[in-house]
Amino acid sequence: MMHGFRNARPSKLARGVVVLSVAATSLALVGCDDHGGDPGKQIGANPVLPSLQQYLVPPIRIAKAIGWGDETPTVPQGLQVQALATGLEHPRSLCVLPNGDVLVVESNGPKAPIFRPKDIITGWVQWFAGAKAKDANRITLIRSGNGVPELRTVFLDHLNSPFGVALVGHDLYVANTDAIVRYPYQDGQTSITAPGTKLTDLPGGPIDHHWTKALLASPDGSKLYVGVGSNSNIGENGIGAEYERAAIWEVDRASGAHRIFAGGMRNPTGLQWEPETGKLWAIANERDEIGPDLVPDYLTSVRDGGFYGWPYSYYGQHLDPRIMPQRPDLVASAIAPDYALSSHVAPLGLAMSSGTDLPANYRGGAFVGEHGSWDRTPLNGYKVVFVPFSGGMPSGPAQDVVTGFLDANSHARGRPVGLAMDRSGALLIADDVGDTVWRVSSAHPGSPLKPGS
Amino acid sequence: MKHAVITETTFNTQSTGRPRRGPIHNVLVSFSAAYFTGALVTDLAYWHVPDVLWERFSIWLIVAGLVMAGLAAIAYVFDFADNRPIERPAWPRVVGYAIAVLLSLANAFVHSRDGYTAVVPLGLTLSALVVIVLLLTAWVGMALANRHRVGG
């Protein structure tokens with residue numbers, strides 16, 4: 001080596017190239033340490049959208065899962081919170097039956113394939129964040145009297161990454177990740193052993209990037225609406241993998257036939273009917289890796305035949321350069337969603353406030369369960385917010401309702417996912433890191449329940 | 001093509017009376033150079049027809065090249081310790097190769113982006129730059145080796 005040094009005469013050019021490229025590389029590696037702005041500017045109908053940026057090293061900022069210990073979530077004055085069920089296995093969504101029984105869907109996604117070295121890293125990150133829990137693939141039934149659990153049974157077992165549940169008459173529909181299956185249900189039944197009947201296939205493997213299939217029956221029971229998430233962040237698995245995905249399906253309950261009710265929604269979940277107007281509403285997770293404040297996740301009414309941008313554009317006509325070829329025809333028709341929830345909060349639960357057990361300021365609006373960010377500094381989400389509605393449209397800023405999912409060190413005690421209103425009108429929250437179902441109710445005097453916090 | 005050049009300048013066994021093996025790190029360097037060059041080819045294919053398969057080929061080729069480069073660095077230490085004949089004009093070659101590896105490291109990150117911009121324009125540019133740097137390195141190395149041989 002020393003010998004080589006003496007003999008070699010590197011040109012000035014070569015030396016210059018070394019210095020330049022080392023400098024450029026280190027600069028680029030350091031230059032991506034940026035922080036997100038005030039999420040408040042991205043809540044509501046007109047979010048501030050910064051210009052997009054592309055990373056050399058995309059930020060990963062996850063909250064380590066630590067569990068609750070003796071803690072409980074925090075609620076504002078006038079509300080109380082208690083655990084309805086603990087020790088569950090990754091509870092993701094909830095469904096309340098007419099007799100008040102609560103179905104808890106314990107589920108996790110199928111194993112993700114490895115296409116690129118990045119997918120290996122992503123697997124590690126998810127494990128660290130507590131998202132790699134075993135997939136219980138079952139539905140647990142909780143029967144309670146005024147929030148005090150009385151009975152807990154395995155309601156349905158051996159499912160395939162289930163998420164959505166809907167009951168129409170005596171037909172109980174479960175949206176597995178790859179199919180809607182119908183089971184016979186009798187009032188008061190605590191366990192179903194009868195085999196299911198497949199109504200229709202849904203887009204499942206082999207990639208199944210966004211695996212959750214939200215489910216909602218039409219008020220007359222003739223149709224089922226299914227939220228089918230995209231098969232990628234931004235089309236990196238090829239546009240062919242996105243066939244009939246990133247859409248809300250309308251499935252005919254009698255025949256199982258389907259049509260695309262609305263498209264261009266990256267990961268639509270939380271399908272709900274807005275009680276005043278009877279319109280379909282949904283929440284959606286928007287795309288990653290173009291900045292801490294892009295793209296805001298949203299809550300929106302869903303128009304029949306509407307296109308909401310993904311993957312070609314966001315919030316109307318803001319183009320995403322990561323998809324090629326572009327589709328100017330679709331972009332021209334892209335609808336901007338109604339209400340931004342701010343970036344990377346990951347809304348995965350929606351409940352239209354309908355009940356009588358909550359204080360008056362929580363009637364007439366939507367609760368949104370924000371699972372929390374994994375690629376933004378500072379963290380965003382990790383709470384349940386309330387969006388007030390008036391005349392069938394959001395009418396004000398989102399208010400924090402249930403917090404405390406993060407501790408002072410930004411570790412995750414839990415993460416809220418699916419929401420539901422129980423028969424008495426209390427808010428139920430599935431917590432897939434705390435493995436708990438929380439019940440938030442009015443802290444009116446004379447309540448037999450001790451406030452949780 | 002460039003890897004052929006490197007090999008040629010590499011395996012010039014010096015006649016010391018007993019047969020000696022060439023330094024191992026050079027073989028690994030050749031492999032990594034071939035992988036990096038392959039990534040340029042698959043990048044060009046993706047630029048022509050943006051099918052994700054080409055982009056996946058590229059990122060695996062770049063990562064394979066980086067792994068080989070890492071092994072080459074380890075082998076270099078062993079070769080040095082083992083007193084194997086390491087070519088005289090080592091400095092410009094080490095530096096040129098280091099630049100190519102650093103650029104490839106950055107390129108691996110760019111290629112890990114999602115969608116079209118994982119390749120066009122920055123990924124493709126970096127892949128091309130890496131091959132240019134490798135070619136220049138080989139050319140400079142060869143020129144210096146020849147001069148060294150001639151000039152004693």
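Student: In which loop of chain A is Val295(A) found?

Tutor: A word of caution first: this is a predicted model. Val295(A) is found in the loop between strand 16 (280–284) and strand 17 of chain A.

Student: What kind of peptide bond joins Leu294(A) and Val295(A)?

Tutor: The general idea is that most peptide bonds are trans. Leu294(A) and Val295(A) are joined by a cis peptide bond, with omega at about -10 degrees. Another cis bond, with omega of about -5 degrees, joins Thr377(A) and Pro378(A). Pro378(A) has its place in the loop between strand 22 (365–370) and strand 23 (383–390) of chain A.

Student: Where does Ser161(A) lie, and what is its phi?

Tutor: Again the general idea comes first: most residues other than glycine have a negative phi. Ser161(A) is not a glycine, yet its phi is positive, about 45 degrees. The residue lies in the loop between strand 6 (148–156) and strand 7 (164–168) of chain A.

Student: Is Ser161(A) buried or exposed?

Tutor: Here a cut-off is needed: a residue is buried if 20 or more other C-beta atoms lie within 10 Å of its own. Ser161(A) has 22 other C-beta atoms within 10 Å, so it is buried. Ala346(A) is found in the loop between strand 20 and strand 21 (347–352) of chain A. Ala346(A) counts as buried because it has 25 C-beta neighbours inside 10 Å.

Student: Now the sheets. What is the order of the five strands that form an open sheet in chain A?

Tutor: Strands of a sheet pair through backbone hydrogen bonds, either parallel or antiparallel. In chain A, the order of this open sheet of five strands is 1-20-17-16-15, and the pairing is antiparallel. Strand 1 (43–44) and strand 15 (268–273) of chain A are at the edges; each has a single partner strand, so one side of each has no neighbour in the sheet.

Student: How many bridges join strand 17 and strand 20 of chain A?

Tutor: Strand 17 (residues 296–301) and strand 20 (residues 339–343) of chain A are paired over four bridges, in the antiparallel sense. To locate the pairing, look at Pro296(A), which stands opposite Ser343(A) in strand 20 of chain A.

Student: How many residues of strand 2 of chain A are buried?

Tutor: Strand 2 (residues 79–85) of chain A is mostly covered, with five of its seven residues buried. Strand 2 pairs with strand 28 (residues 436–442) of chain A in the antiparallel sense, over six bridges. In this pair, Gln82(A) stands opposite Arg439(A) in strand 28 of chain A.

Student: How many helices and strands does chain B have?

Tutor: Chain B has five helices and zero strands. Of its 152 residues, 45% count as buried.

Student: At what angle do helix 2 and helix 3 of chain B pack?

Tutor: Helix 2 (residues 24–48) and helix 3 (residues 52–81) of chain B pack at an angle of about 165 degrees, and their axes are 8 Å apart. Angles over 145 degrees count as roughly antiparallel. The two helices of chain B are therefore roughly antiparallel to each other. Their crossing is left-handed. The residues of the contact between helix 2 and helix 3 of chain B comprise 20 nonpolar, six polar and three charged.

Student: How far does helix 3 of chain B reach from its first C-alpha to its last?

Tutor: Helix 3 of chain B has 30 residues and reaches 44 Å, close to the 44 Å expected at 1.5 Å a residue. Just after this helix, Asn83(B) takes a positive phi of about 65 degrees.

Notes:
Residues are numbered from 1 along each chain as its sequence is written. Chains are lettered from A and ligands numbered from 1 in the order in which they are written. This is a predicted model: local features need pLDDT of at least 70, side-chain atom pairs count only at pLDDT 80 or more; totals for chains, interfaces and linings use all residues. Axes are lines fitted to C-alpha atoms, for helices over the stretch in contact, and angles run from 0 to 180 degrees between N-to-C directions. Angles under 35 degrees count as roughly parallel, over 145 as roughly antiparallel, 65 to 115 as roughly perpendicular and the rest as oblique. A crossing is left-handed if the near helix is turned anticlockwise from the far one by less than a right angle, and right-handed if clockwise. Ala, Val, Leu, Ile, Met, Phe, Trp, Tyr, Cys and Pro count as nonpolar, Asp, Glu, Lys and Arg as charged, and the others, Gly among them, as polar. Two strands pair if DSSP finds at least two bridges between them. The expected span of a helix is 1.5 Å times one less than its number of residues. A residue is buried if 20 or more other C-beta atoms lie within 10 Å of its own, exposed if 12 or fewer, and partly exposed in between; C-beta atoms are placed from the backbone.
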